Amino acid sequence: MWTAWRHDIGCRGGQGGAVSARRGYPSDLTDAQWTLIAPLLPEPNTDGRREKHPRREIVNAILYVVRSGCPWRYLPADLPPWQTVYWYFTRWGEAGVTEKLLTTLRIKARVQQGRQPEPSAGIIDSQSVKGADTVGRDSRGYDAGKKINGRKRFIITDTLGLLITVTVLAASWQDRDGAKTALLSAYMVTPIRHVFADQGFAGRLVDWTRDTLRTTLEIVRKPADQRGFAVHPRRWVVERTLAWLTACRRLARDYERQPAVSAAFIRWAAIAGMTRRITRDQPARRQARRTSTCA
């Protein structure tokens, strides 16, 4: 879960600016986590005035929105102004910074687990989530199977459950059609040539993946004698990743006007999870329950 709640933190700007001390939030980066992220951010622009707010505080503010689910305008006053945080969030997304962070951290996490830097197999799955009133009609749909009006997320992970690629479409898209974009993205950025999927991806998508991408799409089917809930081989990995992502309240429902912004939030949630995974030196554990001592 989350690391210990720090009451005070000190952050320095990218160019050795003033120190900012404030009450810490559970979503804040630790020193070790910031050490992983800082070198991967673009260099500050030196043509104009110096940056007013430390980069670490900008990232902390983004992660606060992802984890708490609050609107941009509801950012606490002790974090940088929401306009500034949103500007960085948008610019870094357009410049591919989040994809670079995701790729680099995934490689570090895999090497730490004794795996090869790049995966050779992946798992794909989809998740339909309700769309808020801010989701436009042009990018929302109705999933008749799940009875959800909103959007559908297609993610591909490696066999450790680390996010590789994400695609956000209207919920009305069938799995076998919407998965093509995610599979093509994974084909272009990784050497994955074997992907596991559930029965919703069976059919013509298997042939398309084999003929177009030269990739094997293996369907992991439900056992014929299964009764009730059962953990399926391979598939449980990506389903666990979806559970990790939706623990972030911003992802429990889709609030974004553009699908690309939804995908960016999913990447930031995965980045936060990977940094915790790399820096912790013990198995994951839930935060201890706090009890009140008031009479």
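**Helices and cores: worked exercises**

Helices here are DSSP runs (H or I, at least four residues), numbered from the N terminus, and strands are runs of E, at least two residues.

This is a predicted model, where local features need pLDDT of at least 70, side-chain atom pairs count only at pLDDT 80 or more, and totals for chains, interfaces and linings use all residues. Residues are numbered from 1 along each chain as its sequence is written, and side-chain values use heavy atoms, leaving out hydrogens and water.

**Exercise 1.** Work out which residues of α3 are buried and where they sit on the helix.

*Solution.* Start with the list: Val85, Tyr88, Phe89 and Trp92 are buried (under 20% relative accessible area, 1.4 Å probe, protein chains only). Next, look down the axis: these residues fall within an arc of 100°, so they line one face of α3 (the arc uses directions from the helix axis to the C-beta atoms). Finally, see what covers them: α2 (55-68), α4 (97-112) and α8 are included.

**Exercise 2.** Find the largest nonpolar core and the element that gives the most to it.

*Solution.* A nonpolar core is a set of buried Ala, Val, Leu, Ile, Met, Phe, Trp, Tyr and Cys residues joined through side-chain atoms within 4.5 Å. The largest has 55 residues, and Trp92, Leu101 and Trp268 are among those with the most contacts inside it. α8 gives the most, with 11 residues. Now zoom in on Leu101: not counting residues up to four places away in sequence, Leu101 touches Ile37, Leu40, Leu41, Trp268 and Ile271 (contact means heavy atoms within 4.5 Å).

Key: Buried means under 20% relative accessible area, exposed over 50%, partly exposed in between (1.4 Å probe, protein chains only).
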